[in-house]
Amino acid sequence: MRYWRGFPLIGLVALMAGCNPATSGAPTSDTSPMPTSAVAKRQDLTGYTFFNGKLIIPSAAQATAYSPYDTPVISVMTTTGKYVARGEPIVKLTIPGADQAANQANANATVANAALSDQKNLASGPVKAAQQALQDAQTAEKAAQDTVANGGTADVAAATQARIDAQTALQQAQQQMQQTLEPAKQVATASAAQVQEAKADAAQGIVRSPISGTIVALEAQPGMDAKARQELATVIDFSAVRIQANVPPELKGVVVRGTHVIVSMSGPSSEPLDGRVLSVKVTPPASGETSSGYLAEIRFTNPQSMARPSTSVQRVGIKTGEVKGALVVPVGAVTSQGGQSTVKVQKGSDWVSTNVVTGISDGNLIEIKSGLTEGDVVQVTAGS
């Protein structure tokens with residue numbers, strides 16, 4: 001198995017609108033982040049508690065498509081983040097003369113089939129005449145037989161012989177037509193075989209997805225000169241991928257089998273993915289710890305929704321509550337010490353430290369239950 005370690009969560013949503021840089025003083029050599037400001041406002045808030053996790057990718061769930069030889073890339077039929085089925089064409093490579101040979105083979109087959117059709121039209125005249133003669137002879141034979149059966153006189157033997165002669169003539173006409181068409185048939189058959197051979201040769205330039213999954217890396221670009229064994233695309237089957245997360249002891253009764261969680265991935269995508277807890281097991285105490293740990297195994301609920309795939313997890317979150325019209329500020333506005341939370345509120349030209357009672361947080365915004373009023377301007381420490 002291959003492992004990727006996660007990184008600290010920065011947040012699920014952007015900082016609140018209305019954040020403006022604070023007025024700066026004289027130049028200083030201090031490289032610490034400069035505070036900004038934000039306005040306390042009301043909005044619906046869903047709270048989460050976050051804990052660390054990492055992605056575990058079984059070897060069979062990841063595969064790379066390679067160029068089989070040195071050749072330019074003609075076209076790329078996929079994109080990063082696209083779900084592809086096993087065997088689906090993803091890259092077309094150049095095979096010198098392959099496309100030209102396939103086109104010429106198709107043209108030759110078209111000409112050969114047209115020639116065969118023309119030969120059939122010419123050779124079918126005698127056969128059609130013989131078929132009509134046989135039909136007339138059969139009608140005459142039947143009439144002679146009916147006349148005799150009704151007490152009349154007719155030469156049934158002559159009518160029967162005429163029908164037999166007509167059958168023989170038809171067989172001879174059909175044999176003659178087959179002999180006439182045989183050369184054209186051989187040409188058409190050979191042309192069809194050449195088409196299949198040309199298609200097989202051209203198909204060698206098609207690189208297909210080795211497994212079903214999501215394209216997570218796409219090195220192939222139209223016009224690039226690919227080298228033999230060069231990586232063209234990497235595919236991961238996220239339905240077979242698992243997340244291992246270290247569950248804090250205080251959440252052991254909440255994070256259980258079947259629990260819904262969100263998984264925040266690293267990289268450009270800010271949208272968390274839904275996950276479901278498969279199992280939770282007790283682990284030995286970590287170094288320096290006295291209590292046991294808890295390790296949850298999680299699967300993605302809808303892995304194909306990963307539009308911008310990543311191979312590392314930032315954090316795993318479990319929902320802690322929802323508040324409609326909560327008064328919120330960025331988490332960087334709140335400082336906690338000794339069990340007391342404070343926020344610096346702008347009063348004229350001063351920043352006044354104000355005690356607050358906090359509630360739920362989504363990792364970026366935090367609920368203020370008391371201590372602030374909607375519209376208060378608060379100081380936010382970047383990177384908090």
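**Notebook: charged side chains in a predicted model**

I began with Asp 44, which is partly exposed at a relative accessible area of 49% (buried is under 20%, exposed over 50%, partly exposed in between, with a 1.4 Å probe and protein chains only). I noted that this is a predicted model, where local features need pLDDT of at least 70 and side-chain atom pairs count only at pLDDT 80 or more, while totals for chains, interfaces and linings use all residues. Residues are numbered from 1 along each chain as its sequence is written, and side-chain values use heavy atoms, with hydrogens and water left out.

**Entry: confidence.** I looked up the pLDDT (the predictor's confidence in each residue, from 0 to 100) and found an average of 84 for the protein, with 85% of the residues scoring at least 70. Residues 1-29 have pLDDT below 50, yet this stretch has 65 contacts in the model beyond near neighbours in sequence (a contact means heavy atoms within 4.5 Å). Where pLDDT is low, the predicted coordinates should not be read in detail.

**Entry: overall.** I found two helices and 23 strands (DSSP runs, H or I of at least four residues for helices and E of at least two for strands, numbered from the N terminus). Of the 384 residues, 35% count as buried. Among contacts with a separation of 6 or more, 74% are between residues 24 or more positions apart.

**Entry: salt bridges.** I counted seven, taking a side-chain nitrogen of Lys or Arg within 4 Å of a carboxyl oxygen of Asp or Glu. Asp 44 pairs with Lys 324 at 3.9 Å, N to O. Asp 44 is in strand β4 (residues 41-51) and Lys 324 in strand β18 (residues 313-330), so the pair ties together parts that are 280 residues apart in sequence. Lys 324 is exposed, at 69% relative accessibility.

I then checked Asp 146 and Lys 142, which form a salt bridge at 2.9 Å, N to O. Both lie in helix α1 (residues 98-149), four residues apart, about one turn of the helix. Asp 146 is partly exposed at 33%, and Lys 142 is partly exposed at 45%.

**Entry: Asp 362.** I located Asp 362 in the loop between β21 (350-361) and β22 (365-370). Asp 362 is buried and has no salt bridge; Lys 41, the nearest side chain of opposite charge, is 11 Å away (Lys and Arg count as positive, Asp and Glu as negative; His and the chain ends are not counted). What I did find is that the side chain of Asp 362 has a polar atom 2.8 Å from the backbone nitrogen of Asn 364, and reaches the backbone nitrogen of Leu 365 at 2.7 Å.

Note on methods. A polar contact is a pair of N or O atoms within 3.5 Å; within protein, one must be able to donate a hydrogen and the other to accept it, and residues adjacent in sequence count only if both atoms are side-chain atoms.
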